[in-house]
Amino acid sequence: QPFVSAEEIFAAYRAELSTCEQETFWVLLMNQRNRVLRTLQIAKGSINRCPVTAQDVFGPALREKAVRMILMHNHPSGDPTPSPEDRSLTRRFQHIAALSGIEILDHIVFGEGQFVSFADKGWI
């Protein structure tokens, strides 16, 4: 079944992302029907930082012939409020996605028992 909301994605990946002691960055690669082709952990960083490059995210998406994706990462502090760097990275990835023919449906930041969805906030 395809995911239809950020709440469903949070419920499905909460155990994996909310308990990490380091920041991790994940991507859901999806087909035209919003079915997940692959779930990939792209990077693992420190307690408050996780460097991610466009090659890390878009290389696998292009190889898998994904047409949509959802970005996800966690904040080990427990506070899912996106940082200015999170918002900047998302804007940069949206630009690259548009050039690549891939749609970013959402970027979800996981915290302790809560999340922030860029799509729900109108940022995507």
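Biologist: To begin, are Phe-3 and Tyr-13 buried or exposed?

Modeller: Both Phe-3 and Tyr-13 are buried, where buried means under 20% relative accessible area, exposed over 50% and partly exposed in between, with a 1.4 Å probe and protein chains only. This is a predicted model, in which local features need pLDDT of at least 70 and side-chain atom pairs count only at pLDDT 80 or more, while totals for chains, interfaces and linings use all residues. Residues are numbered from 1 along each chain as its sequence is written, and side-chain values use heavy atoms, with hydrogens and water left out.

A pair of aromatic rings is described by the distance of the centres and the angle of the planes. Rings of Phe, Tyr and Trp (its six-membered ring) pair if their centres lie within 6.5 Å; planes under 30 degrees apart count as stacked, over 60 as edge-to-face and the rest as tilted. By this rule there are six aromatic pairs. One of them joins Phe-3 and Tyr-13 in a tilted arrangement, 6.2 Å centre to centre with 55 degrees between the planes. Phe-3 belongs to the segment before helix 1 (6–17) and Tyr-13 to helix 1, 10 residues apart; helices (H or I, at least four residues) and strands (E, at least two) are DSSP runs, numbered from the N terminus.

Another tilted pair is formed by Phe-10 and Phe-110, at 5.4 Å centre to centre and 35 degrees between the planes. Because Phe-10 lies in helix 1 and Phe-110 in strand 4 (residues 103–110), this pair ties together parts 100 residues apart in sequence. Phe-10 is buried, at 7% relative accessible area, and Phe-110 is also buried, at 0%. Together with Phe-115, Phe-10 and Phe-110 make up one aromatic cluster.
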